[in-house]
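Hello,

Here is the structure I promised to pass on to you. Have a look at it first, and then read on for what I found.

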Amino acid sequence: MPELPEVEVVRRGLQTWVSGRTIADVQVLHPRAIRRHLAGAEDFAARLRDRTVGDACRRGKYLWLPLADTDASVLGHLGMSGQLLVQPQDVADEKHLRIRIRFADALGTELRFVDQRTFGGLSLHENAPDGLPDVLSHIARDPLDPLFDDAAFQAAIRARRTTVKRALLDQSLISGVGNIYADEALWRARIHYERPTATLTRPRSAELLRHVRDVMTAALAVGGTTFDSLYVNVNGESGYFDRSLDAYGREDEPCRRCGTAMRRRPWMNRSSYFCPRCQRVPRTPS
Ligand SMILES: [Zn+2]
C-alpha cells in the first residue's frame, strides 16, 4: 500500500503531466473503479468532460485533482495496487486498465487508472469551503504540510489514552503515516510501538515528530518506497527507498545501531518491526 512519500511522487507527476489540461473524454472500463461515484459511469464521464484540471493536491495519502471553475474534485484512491499512469495514446492498454482519461490537446498522452485488485478507483466530490473534497474533512494535516501544528500534535498525542504506533496511524491526529514509516520513525526515536502515549515527555514527543518528518523527507527525496511491483509512480518508475529502511522488513537482521537481531511481531493484522534492545518493551503498570 502506498504511503505518503509515494503518493506525493504521484502528485508531482500529475502536476507536471496533467494539471492545466482540458479533459476531452473519459472511458470507464470497469464499474468497480468508480463504485464510489454513486451516479454511475456516464454521469462521471459527463461531469469531467470539457473541464480543465487544476493543481494536483494531496493531504496525507489522499490525492485529488480539482476541476477548474467548479466546486468539485476528482479524488484518486490508489487502494492496494492502484496506479495512475500517464501514457502515450498509442501504448497498448494495460491488462488491468480501469479508467482512461483523454485530453483535448495535441500532447499525445492520456491518463490511465490501472488497478489489478480493484480496491482503488476515482470518484467526484464537492469541495468543502476550505477547498478540500468534503469526504476528507476529518483527515488531519500531514507532517510535511507547512501548516501542520507541531505543538498541537504533541499536546494531543500526550493526552491520548493509546499506544504510540496506534496514535501515529490515527489519520484524525496526523495523516499520511503508515505502517512502514511508523516503524522507521519509532526505531530512530528508540521507542517501542506499544508504549503508552501518555508516558511520552514533551521533548520525546517532539523528537518522535522530528523522526517521522525526517524519514518521510528522506523517502520523498528518492521517490518513495516500493515493496510491491504493482505500485509504480505516475510515469511508471519504481521508487527505490526500500534499501535504506532500518526497521521495516528486517526481521532477524542485525540492528544497524546495536547489532541485536531485529524482531517482528503481529500487530493489528500487520507487523511491527523493532530492535528489542534499542526499543524496550514498556513496563506494564501493576
Ligand atoms: Zn538496536
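Let's begin with a spacing pattern: along the sequence, the donor residues of the zinc ion follow C-x2-C-x16-C-x2-C. Please keep in mind that this is a predicted model.

Which atoms hold the zinc ion? They are the SG atoms of Cys255, Cys258, Cys275 and Cys278, at 2.2 to 2.4 Å. The angles that these 4 donor atoms subtend around the zinc ion run from 100 to 116 degrees, and therefore the arrangement is tetrahedral. For comparison, the ideal angle for four tetrahedral donors is 109.5 degrees.

Cys258 lies in the loop between helix H6 (202–221) and strand E9 (263–267), while Cys278 belongs to the segment after strand E10 (270–274). They are 20 residues apart, and the pair links distant parts of the chain. Are they buried or exposed? Cys258 has a relative accessible area of 28%, so it is partly exposed. Cys278 has a relative accessibility of 14% and counts as buried, because the cut-off for buried is under 20%.

Next, please turn to strand E7, residues 109–115. How many of its residues are buried? The count is 7 of the 7, which means that the strand is largely enclosed by the rest of the structure. Thr109, Leu111, Phe113 and Asp115 point one way from E7, and Glu110, Arg112 and Val114 point the other way; all are buried.

E7 also has partners. Strand E5 (residues 82–88) runs antiparallel to E7 and is joined to it by 7 bridges, with Pro88 standing opposite Thr109. Strand E6 (residues 97–103) pairs with E7 over 4 bridges, again in the antiparallel sense, and here Ile99 is opposite Phe113. E6 and E7 make a hairpin with 5 residues between them, and Gly108 in the turn has a positive phi of about 80 degrees.

Finally, there is helix H1, residues 4–17. Its 14 residues reach 20 Å from the first C-alpha to the last, close to the 20 Å expected at 1.5 Å a residue. Of those 14 residues, 10 are buried, so H1 is largely enclosed by the rest of the structure. Among the buried ones are Leu4, Val7, Val10 and Leu14. What do the buried residues of H1 pack against? The list is strand E2 (57–59), strand E3 (62–66), E5, E7, helix H5 (179–189) and H6.

Enjoy exploring!

Best wishes

Definitions and conventions: Residues numbered from 1 in each chain as written. Predicted model: local features only at pLDDT ≥ 70, side-chain atom pairs only at ≥ 80, totals over all residues. Heavy atoms only, no water. Donors = N, O, S within 2.8 Å, 3.2 Å for Na, K, Ca; no water. Tetrahedral: all angles 85-135°; square planar, octahedral: opposite > 155°, others 65-115°. Helix = DSSP H or I, 4+ residues; strand = E, 2+ residues; numbered from the N terminus. Buried < 20%, exposed > 50% of the residue type's maximum accessible area, 1.4 Å probe, protein only. Pairing = 2+ DSSP bridges. Expected span 1.5 Å × (residues − 1). Contact = heavy atoms within 4.5 Å.
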